[in-house]
Amino acid sequence: MSSPSTKCNNMVIEDIVLKLYEIGAVKFGEFKLKSGIMSPIYIDLRVIVSYPSLLQKISDLMWDQISELKDDVLCGVPYTALPIATCISIKHNKPMLMRRKEVKNYGTKKVIEGVFQSGQQCLIVEDLVTSGTSVLETVNELNKVGLKVKSAVVLIDREQGGKQNLTNNNIQLYSCYTITKMLNILSKHNKIDSSVISKVNQFLKDNQNVKAKSTTQQQTENKKRLSFKERSNLCTNKIAQQILKIMEDKKTNLCCSADVKTCQEVLDLAENVGPYICLLKTHVDIITDFNRDFIVKLQEIAEKYNFLIFEDRKFADIGNTVKSQFGEGIYRISSWAHITNAHAIPGPGIIDGLKQISQQRDGDDKKEQNNNNNNNRTVNHGLLLLAEMSSKGNLATDNYTKTTVKYAEENNDFVIGFICRKKLSSAPTLINMTPGVHLEVKGDGIGQQYLTPNKVINENGSDIIIVGRGIYRAENQAESAKKYRDAAWNAYLNAIN
């Protein structure tokens, strides 16, 4: 279920997309872009200066994306974004700077016009982004006069590498919508046919990583990968801190998936692999003889071997329902699982619902401790979002993944990372965990697609491998866990070095 603000934003976006098409700001055919590549779609937003109400609506929507940021000044990329930046500046009393594209050969010969102080933080305002070159050119000039840039906001992300190019220069991109979303809206209203959509989608697929023709002093593309210890010190969530510390102390980035069906099988597996893992992942709803004594024993083993418990519940309902699923019922997951996970399909409300139970549980634990001489265990929580899946034909597509990352970055006090195939966010506090890992096998014949530990950790930038059948079906579970632990840890050492 979408929140009222999300529904409102979607309506505004739809109105803007249709109006831009109506006034000819969006065209389909063959066009050469600034990046030099030929495109079947061309977006020319210069015309919006002749439509004041549309210009204001676009400016308001862009402001909604960055209203919580703490930038001192803003600067529009010349020339199309200048009227947008002006509208934002006037309506929200935010000081504005202007960058000259042609430097005067008389007077002060300034490139950056306006009043500012060295060391201030500047927000970049741009109409759209393809490779990010125009934004980076502007950032370069701002850097030269001592201004810092951490964020840029655009109306449209053309999904062609601009976001990653800006990330490589330590700039977070905020966009109102993507080309894909625009196509969906135009198709819904019968403005374009399927052949146009196919042509544009193929173009986007063939040009996903357009290289920027500029870099900045802020470039971080070759920045050294932080160690788990360094990242632990940056986390505000206690579970994120704890798991990264366990990984560093035990020298393991292995999570074992206990996909077995009896309490004793789980306990035996935990005892066997405990010394080699940082996490044990449970599927409590497939256990046929579940009881509360089982949970107590599992917690004791977790404390004995210093690992955390991750209940792979995959919550996917509205916020009010997941509150009951997490905190109540026969399993009372919030009372013993340090980590759980959820799909982002219902929207951010699912995060809010689970977070409310986590906060409530924390308060209940403290009361119980005071009443029982501190004999009860306090369970803090962290949430993982399912951003990608390892099964063939899954529906976790690119737009879904991008939205999931956005939710995580906006809620990183509770969301500690992702279930994913590769590193998805530059935020060092978010942990990437990858399932479908095997030392040798590439597939199981029923949809699972396996990756090797080195591929996942060293090449794809993930942090933790999740292994199930490769360990619990092994003749010697402990020996198998040790092999996976060593492979994943060596891949991590290679990555940070």
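Let's start with Lys314, which is partly exposed, at 28% relative accessibility. Its side chain meets that of Asp312 in a salt bridge, 2.8 Å from N to O. Asp312, by contrast, is buried, with a relative accessible area of 7%. Please keep in mind that this is a predicted model.

Now to another pair, Lys422 and Glu388. Their closest N and O atoms are 2.5 Å apart, in a salt bridge. Where in the chain do these two residues sit? Lys422 lies in the loop between strand S14 (415-419) and strand S15 (431-434), and Glu388 in the loop between strand S13 (382-386) and helix H14 (398-410). That is 34 residues apart, so the pair links distant parts of the chain. Lys422 counts as partly exposed at 37% relative accessibility, while Glu388 counts as buried at 9%. There is also a network here: salt bridges with shared partners join Arg225, Arg231 and Asp463.

One more pair for you: Glu141 and Lys144, whose closest N and O atoms are 3.4 Å apart in a salt bridge. Both belong to helix H4 (residues 133-144), and because they are 3 residues apart there, about one helical turn separates them. Lys144 is exposed, with a relative accessible area of 58%.

Let's step back to the whole structure. How many salt bridges does it hold? The count is 19. The protein chain has 17 helices and 16 strands, and 51% of its 497 residues are buried. Among contacts between residues at least 6 apart in sequence, 70% join residues at least 24 apart. Finally, the chain's accessible surface comes to about 23400 Å², and 47% of that belongs to carbon and sulfur atoms. Thanks, everyone!

Notes:
Residues numbered from 1 in each chain as written. Predicted model: local features only at pLDDT ≥ 70, side-chain atom pairs only at ≥ 80, totals over all residues. Heavy atoms only, no water. Helix = DSSP H or I, 4+ residues; strand = E, 2+ residues; numbered from the N terminus. Buried < 20%, exposed > 50% of the residue type's maximum accessible area, 1.4 Å probe, protein only. Contact = heavy atoms within 4.5 Å. Areas by Shrake-Rupley, 256 points an atom, 1.4 Å probe, with all protein chains shown as cover. Salt bridge = Lys/Arg side-chain N within 4 Å of Asp/Glu carboxyl O.
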